[in-house]
Structure formats: structure tokens, C-alpha cells
Amino acid sequence: MGEEQMKYAYYPGCSAKRDAPELDNAMKVVCAKLGIELFELYDAPCCGSRPVRQGSPRLFMLLNALILGLAESQCLDILTVCSTCQLNICQVNKRLKEDDALLEEINNSLSTIDIKYERGIQVKHFLWVLIADMGLERMSNMVTRPLHGLKVAPYYGCHILRPKEALEFDNPDQPSSLEKLILALGAEPVNYNGRKKCCGMHSMMESEEIALKLSGQNIEEALHKGADCLVTPCPLCHMVLDGFQGKAEKILRSKFGIPVLHLAQLVGLAIGIAPRDLMLTRHMVLPRGFQQRIRLLH
Amino acid sequence: MPSQVTVSNGSIDGSRPIRARIFRFDPTRDREPRYETFELPYEKGMRILCFLERIREQGSDLAFMSSCGMAKCGTCSVSMNGRPVLSCLESVEEDMVIEPLAFFPVIRDLVIDRTGYNATVTALKPYLHRSEPYKGYPEKLRHHEMRDHASLMECVECLCCQSICPVLDLERREKTSSQTEFIGPAPLVQLAKLAFDPRDSLNRAALALRAMIEKCVSCYECVHVCPVEVSILECALDRMREKITIAEPDSILARHIAAFTDILEDEGLVNPTALILKTKGLAALGKLPLAIKMFRRGKVKLRKERIPNINRIRRLTTQWVRSR
């Protein structure tokens with residue numbers, strides 16, 4: 001795909017606009033440097049996450065069809081930065097593409113707000129855009145500060161892998177896209193089972209202990225395999241892995257202190273963006289030693 | 001019909017024998033489990049069950065369960081290379097480790113003890129509780145009334161989902177007894193099947209809460225391994241949660257869903273700080289120390305921010321409320 005075609009309707013979702021502003025910021029500086037043009041969907045609502053999906057399936061369909069319709073009005077595919085947003089919008093898109101009657105019914109409802117969706121767009125996570133649209137070779141060529149010697153634990157989480165039928169990108173049993181990208185950035189991917197396991201985010205409200213233990217054991221395994229940091233394509237996973245890492249340490253009676261990076265931040269470091277411009281200090285686990293190592297890579 | 005039925009052993013050319021390390025354990029005789037290696041010639045379209053049957057035909061006393069051989073009885077599930085599968089559906093691989101389903105007590109070799117699962121389902125009152133007496137045959141039922149129930153009738157209770165659930169895994173490892181708090185996806189599918197039968201009048205939502213449905217982390221592991229492709233999360237657990245919002249509105253699960261929807265309607269995007277406060281009320285004060293740290297890092301926003309054209313969202317939610 002040529003550079004002139006790298007334009008997307010950018011859907012940051014709730015996390016990047018509310019509790020993870022560093023992700024939204026990193027996306028904007030990184031994409032500008034990579035030549036990816038983002039057209040933000042400022043008036044797109046939340047995709048419904050799990051609660052709306054569970055409590056009101058019809059409202060869930062309407063919200064995601066609205067997001068799709070807004071992107072289609074700009075004739076652009078959607079670029080997401082959150083795995084749950086990716087799954088929700090992608091799954092609704094698939095259903096609307098397969099079911100004419102459902103599309104008609106949804107469009108009837110959307111007509112009250114002057115929106116129509118005609119099934120003309122695709123929904124892509126930032127990770128997929130880097131791998132499939134941009135390509136690893138071009139990505140490697142953009143690297144000015146190869147992350148040599150850095151052991152990065154890829155953390156996929158769930159909703160970028162499963163359910164397979166809705167996402168159709170990585171193999172959920174043996175995912176490889178994050179590893180390929182980490183290699184392209186000059187770093188070394190850490191192989192561990194926890195990379196495709198759950199962080200427990202979607203039970204945080206009802207059962208925080210489950211989330212702390214699930215995320216804690218995944219971090220523990222990554223550390224045991226020698227990881228210097230974790231990288232995740234999902235800000236919801238990031239919230240648990242980074243924001244609640246201290247609590248997970250207490251509950252598992254262990255000490256982790258491992259920085260967790262958003263995918264855009266890791267890419268940003270490798271393409272020469274200064275750590276301060278990537279707002280690494282906004283994280284709950286400050287990447288002090290890690291930042292020193294990044295400086296040494298210069 | 002599950003798509004796996006048509007899966008062929010495309011990657012196997014038959015030039016090499018099929019090799020399997022199989023778990024062997026008889027708790028009445030053995031101190032600890034061991035693995036026995038078997039090698040057999042490949043047969044076109046060979047499934048794991050066929051491989052196990054050939055081993056037995058050669059005189060081995062390997063114990064395994066099977067009945068229908070066509071993905072209907074759910075008895076032949078095993079773990080193949082760490083993945084729970086139905087042995088009658090799954091193609092062999094050139095190198096396999098075959099074990100009993102993870103986390104279940106072993107009766108012998110590949111045969112697991114299902115007593116705990118059966119007891120859990122029995123406690124869910126797995127029979128129709130009619131509000132009106134049975135009026136006799138034929139009982140008029142409309143297709144659309146039975147649609148949600150029928151989608152779950154595909155479940156063959158093979159327990160593959162139970163053996164992969166991370167929450168069950170966590171709770172099993174922490175408990176000394178085999179009883180866990182969260183009952184897991186397979187019994188919840190059975191509960192949901194009854195809950196969606198229009199003739200049933202029992203408060204199944206209350207039973208789902210007692211079964212700790214809120215501990216489900218929505219990881220889709222159960223969906224991914226289901227050999228008969230039941231949409232466990234969306235057609236069973238999510239729809240049970242929808243029932244809970246109506247039948248048990250004071251539960252934390254229902255309050256979470258209501259708070260999320262309210263904030264979405266008001267602001268368009270959902271601010272987690274507002275969500276915690278609205279769902280947990282005063283109990284949210286317990287999170288104050290962490291909230292202060294997060295505030296300092298710019299991760300907590302106290303000010304309400306609305307997306308442009310918020311009225312569009314409100315019109316959609318109004319439509320939804322009316323349709324309810």
C-alpha cells in the first residue's frame with residue numbers, strides 16, 4: 001500500500017480520551033512521523049465495551065453502527081487503539097455485512113439521527129495497520145533507534161485474538177504479529193504463555209481480586225522470562241497491568257516494578273521520538289531504569 | 001454442524017507414523033502419572049478417537065470414554081497438546097501429547113470424574129418450573145420465542161470450556177476442595193438454556209448471581225475451544241447478565257451496567273472515575289489512595305466532558321429504552 005493511502009478515521013475510544021491520554025498523544029506523534037494520517041472521529045460515542053453489550057444488545061448494535069457510519073461518511077477505514085473497541089466495532093461490522101435485514105433495521109433507527117451505514121469500510125487495529133498496511137519492511141526502515149538488547153514481553157490479552165471468526169488476523173493459539181513488530185523495532189520478544197491470557201479487566205468492577213491475580217501471574221511469568229518491559233495493544237489491559245500493578249504485587253506478595261508500554265510508545269521510542277514526548281512518565285510504574293537504557297541506545 | 005467436521009489432516013502426508021505420548025494413571029494402583037508413547041501408521045482423515053481405538057485394538061488397556069463418535073454425546077473430550085478437544089472431531093497431529101481434560105479428577109488414564117459438574121448442574125434445578133400447569137400436547141411455541149433457548153441446545157456438555165476457563169483455573173488452584181465459587185461456563189450454559197425457555201418461571205437470574213456469573217472475565221477462551229461452536233459468551237452469559245439487569249437491579253452487576261449506560265448517554269464516552277463512583281457509591285472511597293496517585297499522573301478526570309453532537313446518542317438511548 002502506498003504512503004498516500006495511509007489515511008484512517010481514528011477512533012481512540014474512552015480509554016485513550018479519558019484515563020490513558022498518553023496513548024492518544026503517542027498515537028498522534030507516532031502516526032505523524034510514520035506518515036499515517038489520522039482523522040479523528042470526535043463525535044463518535046463509546047463502543048459499549050462489555051456493559052452495554054451485555055445490558056442492551058440493541059443499543060450496542062446502534063452505537064457501533066453509528067461509529068461505522070461516521071467513518072464511512074469520511075470514506076475512511078477505522079483505526080482503533082483498543083482491543084475491546086476493535087472487537088466490538090469489527091463484530092458489528094461483520095454482522096451488518098452478513099445480514100441485510102439487520103442492516104435495514106439498524107439503518108431505520110439511525111435515520112432518526114441522519115446517519116446511514118452502507119457496509120463500505122473495514123475496522124483495523126493500529127497493530128494490524130503497522131503489520132498489514134504499512135508492512136514490516138517499511139516499519140524497519142523507519143527505525144532510527146533500534147531497541148537492541150531490550151527484552152520486550154508482548155501482551156496481546158484477549159479481544160485482539162478471540163473470537164477468531166470476528167477478528168481473523170492473528171492465530172489465537174500462536175499469535176505472532178506483536179513478536180514480528182518487536183523484532184522489526186530491533187528488540188527481542190519474550191516468549192511466555194501469559195502473552196495471550198486474560199488481564200481480568202472486564203471483571204474489575206465486580207471482582208477486582210480476580211483481575212489482580214490474573215494480571216499479576218502474567219506479569220510474574222514475563223519477569224521470570226527476563227522481560228525488561230511489557231507492551232500491549234490495549235489500554236484496558238494497560239490499566240490493569242500498569243495502574244493496578246502495585247495492588248497485584250500486594251495480593252501476590254511479590255515485587256514486579258516492570259514498566260508497561262502502549263504499543264504506540266514502543267514504536268515511538270524506536271523511530272526516535274523522545275521518551276518525554278511519549279509521556280512515559282504518565283504511567284503508574286515509572287520506567288526509570290528502562291528510560292536510562294533507552295538513552296544508552298542512542 | 002461444526003466446521004471442524006470437515007477439517008482434513010491436510011498437513012500430514014502419511015510418510016511418517018503418528019506419534020503420541022499418552023497420559024496413564026490409575027489412582028488405585030499408581031503413585032504418580034506417567035506417559036506412554038504410541039506410534040501408529042497414519043490413516044486418511046484420522047481423528048484422535050480413531051487413534052485411541054487402534055491402540056486398544058492392539059491390546060492396550062488404555063482407558064478413554066466415547067459413545068456416539070459424531071460430536072453429539074460430549075463424552076470423548078481430551079486435551080491434545082494442551083488444547084481441550086473432542087477426540088471424535090479433532091484430527092490427529094504427527095506429534096501429540098494426549099491428556100485428560102485439565103483440572104478434573106482422573107478416574108483412570110483419559111477418563112475424568114464428572115461428578116462435580118453433575119452436582120453443580122443439579123443444584124441449578126435443571127428442569128422446567130412452569131408458572132401454569134402443563135396443558136397437554138401439542139404445546140404451542142413460536143419459533144422466535146425459542147430462538148435463544150435453541151441456540152444453546154447445541155451444547156454437548158463436553159466440558160472443554162470448563163477446562164480452559166482462567167477464573168476456574170485460578171479458583172481451583174487456590175482452593176483445597178474441588179468446589180469453586182464461580183461455577184464456570186458449562187453449567188451457566190445449562191442455566192441460560194432454561195432461563196430462555198418461555199415456559200420457565202423460576203428466577204434464573206438470581207441463580208446466576210449465586211453462581212458468581214460476575215466473575216466471568218469475558219476472555220472468550222471458552223468460545224474459542226468450544227468444539228460445537230456454541231456462542232457461550234454472547235448467547236448464554238451475556239444474555240443472562242441482561243436478565244439480571246431486569247430481575248436483580250440492585251446487584252453490583254446490574255448497577256455497573258446501568259451506571260455505564262447512564263454515563264454514556266450523558267457524556268458519549270465513559271469516564272472510569274465517574275463509573276466507579278456511580279456503581280460503587282461510598283464503597284468507592286476505598287480506592288481513594290490509588291485514585292490520588294492516578295490523578296497526579298493525569299489518569300483521573302474529574303471534569304465532565306461531552307462529545308460533540310451528544311443529542312444523537314441520547315436519541316439512540318431513548319429509542320432503546322422505548323424498545324425495552
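Let's start with one residue, B:Cys219. Is B:Cys219 buried or exposed? B:Cys219 is buried, because 27 other C-beta atoms lie within 10 Å, and the cut-off for buried is 20 or more. Keep in mind that this is a predicted model.

Where does B:Cys219 sit? It lies in a loop of chain B, between helix 6 (204-210) and helix 7. Now look at what surrounds it. Leave aside the neighbours within four places in sequence. B:Cys219 is then in contact with A:Cys158, A:Cys198 and B:Pro166.

Chain B puts in 48 residues, and chain A puts in 44 residues. Which elements of chain B take part? Those giving two or more residues include helix 4 (166-174), helix 7 (221-225) and helix 8 (232-247). Helix 12 (310-323) is also among them. Helix 12 of chain B gives the most, with eight residues. By class, the chain B side has 22 nonpolar, 13 polar and 13 charged residues.

Next, chain B as a whole. It has 12 helices and seven strands. Its C-alpha trace spans about 70 × 65 × 40 Å along the principal axes. Of its 324 residues, 39% count as buried. Now take contacts in chain B between residues at least 6 apart in sequence. Of these, 64% join residues at least 24 apart.

How is chain B divided? The domain assignment gives domain 1 (3-112), domain 2 (115-247) and domain 3 (252-323). The C-alpha centres of domains 2 and 3 of chain B lie 30 Å apart. Between them, four residues of domain 2 are in contact with five residues of domain 3. The domain 2 side has one nonpolar, one polar and two charged residues.

Now the strands of chain B. Strand 1 (residues 18-24) pairs with two others that I want to show. With strand 2 (residues 34-40), it runs antiparallel, joined by seven bridges. One place to look is B:Ile22, which stands opposite B:Glu36. With strand 5 (residues 95-99), strand 1 runs parallel, joined by four bridges. There, B:Arg19 has B:Asp95 as its bridge partner.

Over to chain A, and helix 10 (residues 177-184). Which of its residues are buried? They are A:Ser177, A:Leu178, A:Leu181, A:Ile182 and A:Ala184. These residues cover an arc of only 160 degrees around the axis, so they lie on the same side of helix 10. An α-helix has 3.6 residues a turn, so residues three or four places apart point the same way. What covers the buried residues? The cover includes helix 7 (126-134), helix 8 (136-142) and strand 5 (151-154) of chain A. Strand 6 (188-189) and strand 7 (229-232) of chain A are part of it too. Just after helix 10 comes A:Gly186, with a positive phi of about 95 degrees.

Last, the core. The largest nonpolar core has 189 residues. Those with the most contacts inside it are A:Ile67, B:Leu188 and B:Met240. Helix 4 (residues 57-72) of chain A supplies the largest share, 11 residues. Beyond four places in sequence, A:Ile67 touches A:Tyr11, A:Leu41, A:Ala44, A:Cys47 and A:Ile89.

Terms used
Residues are numbered from 1 along each chain as its sequence is written. Chains are lettered from A and ligands numbered from 1 in the order in which they are written. This is a predicted model: local features need pLDDT of at least 70, side-chain atom pairs count only at pLDDT 80 or more; totals for chains, interfaces and linings use all residues. A residue is buried if 20 or more other C-beta atoms lie within 10 Å of its own, exposed if 12 or fewer, and partly exposed in between; C-beta atoms are placed from the backbone. The arc is that of the directions from the helix axis to the C-beta atoms. Two residues are in contact if their C-beta atoms, placed from the backbone, lie within 7 Å. A nonpolar core is a set of buried Ala, Val, Leu, Ile, Met, Phe, Trp, Tyr and Cys residues joined through C-beta atoms within 7 Å. Ala, Val, Leu, Ile, Met, Phe, Trp, Tyr, Cys and Pro count as nonpolar, Asp, Glu, Lys and Arg as charged, and the others, Gly among them, as polar. Domain bounds come from an automatic or database domain assignment. Two strands pair if DSSP finds at least two bridges between them.
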